[in-house]
Structure formats: structure tokens, C-alpha cells
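Good morning, colleagues, and thank you for making time for this item.

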Amino acid sequence: MIMLSKLLSFNVFDAENRCVRLSDLSVALLDSDYPPITNIFFEMNKKLMKVAWKNVQSVNLKEKKFIIADLDSAEEVSLAGKNDYVLLKHEILDALLLDLENRRPIRANDLLIEKVDANWLLRAADNSIGAILRRISFGFYNHVGGNLLDWKYVEFLRGNPAAVSSGAGYHLRITRLPPGDIAQLINYLPYLHAAELLTLLPNEKAVKTLEVLPLERRLQIFEELDEAEAVGLLALMAPDAAADLVGLLQTEMMSKYLGLLPKKQSDRLIELLRYADDTVGGIMTNDIAFLPENLTVSAARTRMRESFGTADFIYLIYVISDERERTLRGVISIRSLLSEDDDRKIGEIMDPYISTLSAFDEVNAAAYRVVDSQLAAMPVVGTKRELIGAVTIDAAIMQIAPGTSAETLRIFS
Amino acid sequence: MSNELKPEELEPIEPVTAGLPTAPRRLSAGLRVNIRGRSIKLRGLKRQPKGLMRWLLILGPGLIATSAGNDAGGIATYSSAGAEFGYDLIWVMIVLTVSFAVVQEMCARLGAATGRGLLALIRERFGIGWTLFTVGIVVVANGGVTLSEFVGIGAASELLGVSRYISVPIGAVLLWYLVVYGSYAKVEKIFLLMTLVFFAYPIAAFMGKPDWTAVAHGAFVPTIKLDSAYIFLLVGVLGTTITPYIQIFQQSSVVERGAARRHYGPEKIDAYFGSVFSNLMSISMIVATAATLFAVSGSTKIESAADAAKALEPVVGSSATTLFAVGLLGASLLAGAVLPLATSYAVSEAFGIPKGVNLDFRRGKTFFSIFTTLIVVGAGIALIPNVPIFPLLVGIQVLNGVLLPLVLVFILLLVNDESLMGDLKNSRTKNVLGWGTFVMITVAVVVMLGGQMLEMFGFKLFGN
């Protein structure tokens with residue numbers, strides 16, 4: 001077990017006893033939880049040279065030596081455009097890392113390397129003040145404390161979203177965190193690191209993460225994504241969150257993205273974008289579940305599975321006259337849909353006494369009505385009482401108290 | 001039952017009209033866009049306002065950071081320049097405006113292109129040694145200047161008839177509350193409002209009825225005097241105008257504002273506008289004291305900003321003094337918040353600690369603790385009677401002098417790093433101006449430090 005800061009004081013010797021100063025080591029991040037060292041680097045004749053780890057004959061810890069056969073066998077390297085390895089000193093040491101266990105960003109004050117059989121593995125990151133002291137004390141302070149972060153639970157980001165598609169390696173353990181935790185981490189990161197992190201995530205999780213970020217932050221990161229990635233995420237986003245985001249884009253970019261989206265999602269966004277911010281339409285979602293009143297409970301369950309499996313808001317199901325007119329008749333809960341007899345009609349079990357909002361109502365007053373109603377959402381109807389959407393309690397709270405949380409509330413949608 | 005009213009006896013109910021809208025709500029005009037060949041009117045688009053409002057919204061980190069430079073120490077230096085040498089040093093401010101604008105713009109660009117503060121980039125590119133060195137000096141120097149800001153708050157309030165034992169604690173609590181409990185957007189707005197107090201100086205300058213021909217001559221015809229007081233004041237003006245904390249704050253707040261490389265244009269305008277505005281205010285201070293103290297009594301020595309305000313009274317009356325004091329109070333309050341904030345940003349960035357005014361105390365404990373400590377210590381020491389502030393400020397000036405060339409080198413190296421900056425890398429013209437500023441500042445710092453050291457051994461670099 002040795003710290004990188006100590007290894008960097010080593011020299012590289014060859015069989016002829018020629019000596020150069022070690023300048024860096026590289027690891028292949030994709031290889032395993034504890035990536036092995038793949039190359040050693042040094043400068044010779046003002047050129048950066050590398051030797052593969054397998055060609056290192058021995059390491060003498062006492063004399064601080066790496067021994068290789070021949071310095072002249074080293075290969076000259078350029079750091080531009082490399083993807084197959086990461087430099088420990090140049091890239092990871094002092095860089096921003098994600099400590100996934102404690103859900104926080106840290107700086108790598110030092111790195112722990114451990115010898116396992118023939119391999120030397122990157123085992124942990126040291127974020128302690130002791131690590132800083134070790135590095136600046138010229139060897140007088142060598143204590144290694146217990147405050148080491150297992151590398152398995154550390155994610156290294158390069159600050160370049162394009163690195164993900166160009167094959168750079170990642171642990172990808174970050175993908176196992178819940179979206180809210182990832183969003184919190186993203187809020188601490190510089191925007192290019194944040195975009196890189198978002199690009200790493202599977203689309204479903206990236207969407208959930210993006211939706212809870214504050215709107216300005218959402219835009220800042222979204223604009224750094226490449227076009228295919230951006231359209232892919234927009235297609236999966238809840239329409240209200242997507243409409244908020246698209247409404248902030250430059251007009252040309254907005255038209256382009258709306259044109260590239262699947263027609264169903266594009267139409268939903270356009271419908272929401274028709275309403276100004278200070279109206280109920282500006283905060284409603286139109287991806288809601290609704291059923292015709294003449295359907296039986298059994299048929300309604302099938303319809304729910306087939307048509308509304310991915311709906312943004314499904315905690316309340318609105319009952320309409322028929323698919324064409326969509327006149328709002330009442331509401332049922334998921335609970336009653338599950339507990340009622342199969343043969344009963346939806347119209348018989350629905351609650352017909354329902355408060356509604358108009359899409360053009362003033363937004364603040366409407367938000368208070370939703371909160372006061374203690375309902376998960378309130379339906380929004382058009383001039384002929386046709387169902388056009390719903391304002392969820394999350395949207396209402398964010399409208400009334402936008403500073404309540406650093407992230408956007410998305411509990412019911 | 002006999003009391004029951006018959007329907008025709010009931011009072012008719014008037015239709016309720018109060019509080020109801022008299023006309024349907026006006027819909028916003030919206031924007032007609034073409035999507036998939038359909039022309040659709042969208043009202044939900046969030047577009048930047050047009051006209052004056054658009055320009056006002058651009059202003060932010062640049063104007064705040066540069067205005068904070070016109071703090072108690074700055075006012076003392078600029079007032080001394082005017083009182084001792086009349087309009088002779090205005091040309092330096094004109095040259096400095098170009099340098100200042102270039103340096104501030106580079107910091108704003110670094111912030112927008114990387115999303116990282118200056119100390120974060122220094123840590124990543126130059127390692128822990130340089131980072132610790134820079135952070136160490138930043139903490140000590142900024143801590144000292146913070147103290148001088150609270151001394152400034154006390155002095156200004158006493159000129160306005162309020163005891164420092166009342167104004168300093170109130171000022172400290174106000175600044176603390178504003179930053180700890182405010183969001184960045186709110187804090188930025190209040191800081192911007194605070195910059196309005198700087199208009200006190202041009203008003204004071206006009207009240208002094210300066211000779212505008214002499215002002216123009218001082219501005220565009222360089223004068224160099226081989227006189228130690230002149231040289232040291234010239235160096236002082238350089239060091240007061242371009243200061244490391246202004247650069248650190250500018251970059252960190254551009255990052256916190258959420259500016260990205262795609263929307264860098266407004267940040268550039270803000271940086272340029274801030275530099276020009278702040279230096280115009282500095283020039284007004286020189287003009288105000290030159291037109292009054294220098295014109296009436298000849299070369300006059302001033303030790304502090306409060307001295308300048310007091311000295312103006314017999315010449316132009318109490319209103320100019322009050323204006324000067326109001327300016328000093330506002331400037332000290334603004335810098336009293338900006339300096340601890342710049343320090344908190346610097347330390348947090350260097351060590352990867354979550355940072356930002358937007359965080360709540362739970363998420364930004366260390367960031368706000370550094371801020372709180374600086375405010376408490378600064379305000380506390382400022383309240384100690386007969387605290388030897390002057391020797392302390394000389395020491396701080398030396399520290400800032402050492403730090404400034406170093407910070408400028410870091411900025412210039414970083415802003416030329418293509419892997420960081422991409423197409424926002426420095427142009428050749430910016431490099432010439434940037435490195436020119438570095439040389440000018442370094443020479444000034446060497447002259448100042450060299451002169452002070454020689455004086456300690458009884459040598460004089462220049463004649464009296």
C-alpha cells in the first residue's frame with residue numbers, strides 16, 4: 001500500500017542505470033472497481049514518454065525506483081485525444097470526485113495504490129487534511145489516516161460531456177442512486193461536469209434527475225447535451241417539465257427540437273406552451289389518466305395498463321363523457337379502481353363533485369386553491385368543460401413558494 | 001313564527017361586483033413559430049425583456065465586483081491623489097480602466113467557459129502548493145481588508161452622527177443575514193442597488209465646480225513626477241484599482257449566476273460596464289478633492305476616506321461632506337459583504353467544499369461559516385478602541401501586492417489553455433493587454449515594496 005504523492009517522488013531506472021524522474025501513472029478506469037495501473041510516464045529529452053506497466057521489471061520501494069529494461073524502448077505520447085487511460089497526477093489528483101457513499105463532491109488530496117499480485121491497483125481516494133500535509137511536508141509527515149474513500153464508491157468526471165460518447169471509462173455506480181440524490185450532487189458540480197454526469201445515466205434516470213433540478217440549472221446543463229441526447233430526454237420528460245425547459249430555449253433551437261420530437265410528445269408540449277406563465281395553463285400537466293364513464297371497472301384496469309402506464313400523473317383518474325368530447329364528469333382514485341367490483345361502471349363509482357380550474361385562471365390564486373383542497377391535483381377544463389390537464393400539488397407548491405427547496409418538487413408526478 | 005318574513009319583504013340582494021375583474025384578463029401577445037409546417041402562437045415562452053430592462057438585467061457580478069473595489073481604502077487613495085496632486089493622476093485611471101476591463105473580462109470568461117471559480121482552476125491546473133499559497137494570502141489579506149471595511153462603516157456613520165458602536169454591529173448583522181438567508185438572485189439585486197450610492201461622488205465632484213479644462217488635461221496628458229509621494233500614490237492607485245479579491249469574486253459569481261459559454265455575451269458587457277463605471281466613480285473622487293482641497297489649499301495630506309469627507313466641509317459645505325460619507329458607508333457595506341464572500345468562494349473552491357449563496361445553511365455549512373467568521377472578526381476588531389489599523393493596512397497592502405501579479409499570471413495562463421477554454425481562449429490583442437497589465441502591476445509592486453524596504457534602511461528611492 002503506497003500513496004500516489006510518495007510514488008511521484010520515484011525515479012525510473014533502466015538496465016544501464018540511466019535515470020529519469022517519474023512524472024505520472026495511468027489507470028484504465030473501465031477495467032474494474034479498482035483499476036490497475038497501466039502505464040508509467042516520464043519526460044525524456046523534453047518529450048513525454050510512456051512505458052506499459054507489464055514492462056516494469058520491479059519496483060524498489062526503499063530506494064524509490066521503478067526499474068525497466070531500456071529507457072529508449074519508451075513510447076512518445078501526446079495527451080490530446082487519448083481515451084484508453086486516465087492520468088493519476090495530471091487528471092485525478094486535485095480533481096473534483098464524487099463520493100457516492102456520502103453523496104458529496106470532494107477533491108482528491110491523495111490516492112492510495114495497493115499491490116495485489118502482479119498488479120498495482122487504485123484502491124482509495126484520500127480527502128483528509130493529512131493528505132495535504134503529506135504532500136507539502138517534503139516527507140516529514142507520512143501518516144495515512146483511516147479517512148480513505150473506497151475507490152469502488154468514487155466516480156471520476158472529466159468535465160467534458162463528449163467524453164462519455166467517445167468511450168472514456170466510468171464506474172457507473174452513480175446510476176444506482178435515486179434521482180433526487182443525483183440532482184443534489186449535480187447542484188454542487190460545475191455545469192460541464194453536471195452535463196457529463198447526466199449523459200452517463202440511463203435515459204429514464206437522467207430524465208427524472210433533470211426534472212427535479214431548478215429550471216435555470218436544467219437549462220444550463222441541457223444546452224451542453226448533444227442534439228440526439230437532448231431530444232431523447234425531452235421525449236421522455238413529463239410534458240410540464242419539458243415545456244418549461246423548451247420555453248427557455250432560443251426560438252430556433254426550440255422549433256428544431258419540437259420538430260424532432262415524436263409527434264405525441266411534441267403536440268403535448270405545444271399545447272402547454274400556448275399558455276402564458278401567469279395562467280393555470282402555464283403550470284399544468286396534460287399527461288394525465290382519464291377514462292370514459294361507461295367503461296366497466298375491469299375494462300378500465302386494462303385501459304390503465306395499456307394507455308397510461310407511463311402517464312406523468314396517475315394518482316387520480318379523471319372520468320370523462322367520451323373520448324371525443326372529453327367533458328369532465330368526475331374523478332376516481334386508484335384505490336377504488338382496484339377495490340370495486342369488475343362489472344360496475346366507472347360512472348357509478350366516480351365522485352361527481354369535483355372542483356375545477358380554467359386554463360386561463362390567474363396562476364397564484366389557482367395554486368392556493370389546489371393546496372387548500374388537500375388533493376394531489378385539480379383538473380383543468382376548457383370553455384366547454386372539456387378536460388385538458390391537471391395542476392398537481394407539486395406544481396402548486398412550487399408556484400406559491402418557489403424557494404422552498406433547492407430542487408423542483410416532483411412527488412406526485 | 002310570527003317574526004318570519006315573507007319573501008316579498010326580504011331586501012333584494014345586490015349583485016356582488018366589488019373585487020370582480022371588470023374586463024377579461026389580457027393575454028400576453030406570445031410568439032408565432034413554425035413547427036412542422038404549422039404556424040402556432042405560443043404564449044408560454046420565457047423571453048428576455050427588451051429595451052432598458054434587458055440592459056439592467058445584464059448587470060451583475062461585473063458591476064458589483066468592480067464597485068466593491070471603490071471601498072474605504074480606495075476612497076482614501078483616490079481622495080489623496082486628488083488632494084495632493086490635483087488632476088495629475090487622472091491619466092493613470094484612464095490607462096487602468098483598459099487594463100481593469102481586460103482582466104475582469106478574462107475572469108468572467110473563465111467562469112462562463114469552465115463553470116469553475118479561479119481557485120478551483122488553480123488547484124486543478126497548478127496543484128496543491130500554489131493553491132495553499134494563494135488561499136493563505138487571500139484569507140489573511142481579505143480578512144484584513146474586511147476589517148478596514150467595518151472601520152469605514154464606523155467612520156462614515158460617525159460623520160453622519162451615528163455612533164460606530166451602533167452602526168458596525170447593525171451593518172454586520174444586516175450583511176450576514178442578507179447573504180446567509182438570501183438567494184443569489186436576491187443578494188445580487190441588493191448589491192446592485194447599493195452601487196447607486198457611488199453616484200454621490202460625481203455629485204460631490206460637480207459641487208466642487210472643477211476646472212474642466214484642467215480635468216481634461218490631467219486625463220489625457222500623462223504627467224510623471226520623480227517624487228516619492230507621487231510615485232507611491234501612483235502605485236497605490238494601481239494596487240487599489242486592480243485587486244485579487246475583485247477577480248476572485250467576479251469569476252465565482254459568474255459561475256453562481258449560472259452563466260454558460262453559450263450565453264457569455266452579457267457577462268462580457270457586464271464586466272466592461274462595471275470596470276468603466278467603477279473607474280468613473282474613482283475619477284470623480286479625484287476630481288472632487290482636487291477641485292476643492294487641492295485648488296483651495298494646495299497639496300493637502302489625507303489619511304483616510306473619513307478625513308477626505310471632513311476636509312471637504314469648510315470648502316464646499318456640509319452637503320458635500322454628507323454625500324461623501326453616504327458614499328463611504330455604501331461602499332464599505334458593499335465591500336464588507338463582497339470580501340468575505342470572495343474569501344469563502346476561494347477557500348471552498350480550493351478544497352472542493354459545496355459553495356454558493358444559493359445554498360441553505362445545512363448544505364453550505366463550511367461556506368457560510370467562513371463568511372460568518374470573517375464578518376464577526378472584522379466587525380469585532382473594528383469596535384476595539386484605538387486599534388492600530390494603519391500599520392495593519394500597510395501589511396495587508398504588501399500581501400495583496402505579492403498576490404496580485406501571481407493571480408494575474410494564473411488568470412493569463414488559464415485563459416490561454418485551449419483544453420479549458422475552447423473557442424473562448426484569449427485573442428492576441430487580449431494577451432498583449434493582459435501581459436502588459438501584468439508587467440505594469442509587477443513593476444508597480446516591486447517599486448512599492450522595494451521603496452518601503454529601502455526606507456526601512458534609511459534610503460530614499462525618489463526625491464521628496
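In what order do the strands of the open sheet of 3 strands in chain A follow one another, and what is the pairing? The order is β19-β20-β21, and the pairing is mixed. Before I go further, let me state that this is a predicted model.

The edges of this sheet are taken by β19, residues 357–358, and β21, residues 387–392, of chain A. Each of the two has a single partner strand, so one side of each is left without a neighbour in the sheet. Between β19(A) and β20(A), the latter covering residues 377–381, there are 2 bridges, and these two strands run parallel. Within that pair, Leu357(A) is found opposite Val380(A) of β20(A).

Two helices accompany the sheet. Helix α16 of chain A, residues 363–373, packs on it and touches β19, β20 and β21 of chain A. The direction of α16 makes about 135° with that of β20(A). Helix α17 of chain A, residues 393–400, lies across β20 and β21 of chain A, and runs at about 60° to β21(A).

I now turn to another open sheet of chain A. Here 4 strands are arranged in the order β1-β12-β13-β14, and the pairing is antiparallel. Its edge strands are β1, at 2–3, and β14, at 148–150, each of which pairs on one side only. Strand β13 of chain A, residues 119–126, is joined to β14(A) by 3 bridges, the two running antiparallel. One residue pair to locate on the display is Ala125(A) with its bridge partner in β14(A), Leu149(A).

Let us step back to chain A as a whole. It contains 17 helices and 21 strands. Why is it described as more spread out than a compact globule? For 413 residues the globule rule gives 22 Å, whereas the radius of gyration of chain A is 29 Å, well over that value, so the chain is more spread out than a compact globule. The C-alpha trace spans about 90 × 45 × 40 Å along its principal axes. The chain is divided into domain 1 (1–138), domain 2 (157–273) and domain 3 (282–400). The centres of domain 1 and domain 3 of chain A, taken over C-alpha atoms, are separated by 60 Å.

As for burial, 45% of the 413 residues of chain A count as buried. Of the contacts in chain A between residues at least 6 apart in sequence, 61% join residues at least 24 apart.

Next, the interface. How many residues of chain A are in contact with chain B? There are 35, and they meet 30 residues of chain B. Elements of chain A giving two or more residues to this side include β11 (104–107), α3 (129–136) and α6 (191–200). The most comes from α11(A), with 4 residues. By class, this side of chain A has 19 nonpolar, 7 polar and 9 charged residues.

I close with one residue of chain B. Phe351(B) lies in helix α14 of that chain, residues 318–351. Is Phe351(B) buried or exposed? It counts as buried, because it has 22 C-beta neighbours inside 10 Å.

Technical notes: Residues are numbered from 1 along each chain as its sequence is written. Chains are lettered from A and ligands numbered from 1 in the order in which they are written. This is a predicted model: local features need pLDDT of at least 70, side-chain atom pairs count only at pLDDT 80 or more; totals for chains, interfaces and linings use all residues. The radius of gyration is taken over C-alpha atoms; the globule rule is 2.2 Å times the number of residues to the power 0.38. A residue is buried if 20 or more other C-beta atoms lie within 10 Å of its own, exposed if 12 or fewer, and partly exposed in between; C-beta atoms are placed from the backbone. Two residues are in contact if their C-beta atoms, placed from the backbone, lie within 7 Å. Two strands pair if DSSP finds at least two bridges between them. Ala, Val, Leu, Ile, Met, Phe, Trp, Tyr, Cys and Pro count as nonpolar, Asp, Glu, Lys and Arg as charged, and the others, Gly among them, as polar. Axes are lines fitted to C-alpha atoms, for helices over the stretch in contact, and angles run from 0 to 180 degrees between N-to-C directions. Domain bounds come from an automatic or database domain assignment.
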